[in-house]
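Here is a brief report on how this chain is held together. It covers the nonpolar core, strand pairing and charged side-chain pairs.

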Amino acid sequence: QVQVAESGGGLVQAGGSLRLSCAASGSIGSIDAMGWYRQAPGKQRELVASITRSDVTNYADSVKGRFTISRGNAKNMLYLQMDSLKPEDTAVYYCHAHLEYSYIGFYDHWGQGTQVTVSS
């Protein structure tokens with residue numbers, strides 16, 4: 001059983017900052033990559049940022065220079081520092097874990113999501 005849990009969402013004014021946290025626990029095997037996705041009302045879920053086991057990062061163009069993804073010393077922890085927030089960043093943010101299990105393969109796990117609302 002794998003649990004992925006996000007925290008840190010909330011309401012913030014435009015130009016403000018928030019920090020999201022994510023913890024993967026349980027039978028997580030080896031973490032190949034983790035990432036943050038978001039889904040705004042009426043839109044498809046989109047990648048915000050990701051980080052591989054080698055600490056290679058990738059960002060959506062819309063958040064480059066404003067958001068920073070990082071992992072904790074305990075590699076099952078994931079963070080997203082969001083600065084200079086804009087109303088268009090309003091969405092439910094989901095944590096994603098791409099896990100590898102020896103001799104079995106890769107599996108994807110998602111958190112329940114945390115709401116981020118940016119007021120203008």
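## Nonpolar core

In this predicted model, the largest nonpolar core has 32 residues. Trp-36, Leu-80, Met-82 and Tyr-93 have the most contacts inside this core. S9 gives the most, with 6 residues.

In soluble globular proteins, nonpolar side chains tend to be buried together.

## The four-strand sheet

An open sheet of 4 strands runs in the order S1-S3-S8-S7. Its pairing is antiparallel. S1 and S7 are the edge strands, and each pairs on one side only. On average, neighbouring strands of this sheet are turned by 15° against each other, direction ignored.

Strand S1 covers residues 2–7 and strand S3 covers residues 18–26. The two run antiparallel and are joined by 6 bridges. Gln-3 has Ser-25 as its bridge partner in S3. S3 is also joined to S8 by 6 bridges, and this pair too is antiparallel. Here Ser-21 stands opposite Tyr-79 in S8. Ala-23 stands opposite Met-77 in S8.

How many salt bridges does a search of the whole structure find? The search finds 7. One of them joins Arg-38 and Asp-89, with the closest N and O atoms 3.0 Å apart. The pair links distant parts of the chain, 51 residues apart. Arg-38 sits in strand S4 (residues 30–39). Asp-89 sits in the loop between strand S8 (77–82) and strand S9 (91–101).

Are these two residues buried or exposed? Arg-38 has a relative accessible area of 7%, so Arg-38 is buried, the cut-off being under 20%. Asp-89 is buried as well, because its relative accessible area is 1%.

Side chains of opposite charge can pair when their charged atoms come close.

Arg-71 forms a salt bridge with Asp-55. The closest N and O atoms are 3.2 Å apart. Arg-71 lies in strand S7 (residues 67–71), while Asp-55 lies in the loop between strand S5 (46–52) and strand S6 (57–59), so the pair ties together parts that are 16 residues apart in sequence.

The two partners fall into separate accessibility classes. Arg-71 is buried, at 15% relative accessible area. Asp-55 is partly exposed, at 42% relative accessibility.

## An exposed pair: Lys-64 and Asp-61

What do the side chains of Lys-64 and Asp-61 meet in? They meet in a salt bridge, 3.1 Å from N to O. Both Lys-64 and Asp-61 are exposed. By contrast, Arg-38 is buried, and Asp-89 is buried.

Notes: Residues numbered from 1 in each chain as written. Predicted model: local features only at pLDDT ≥ 70, side-chain atom pairs only at ≥ 80, totals over all residues. Heavy atoms only, no water. Salt bridge = Lys/Arg side-chain N within 4 Å of Asp/Glu carboxyl O. Buried < 20%, exposed > 50% of the residue type's maximum accessible area, 1.4 Å probe, protein only. Pairing = 2+ DSSP bridges. Core = buried A, V, L, I, M, F, W, Y, C linked by side-chain atoms within 4.5 Å. Axes fitted to C-alpha atoms, helices over the stretch in contact; angles between N-to-C directions.
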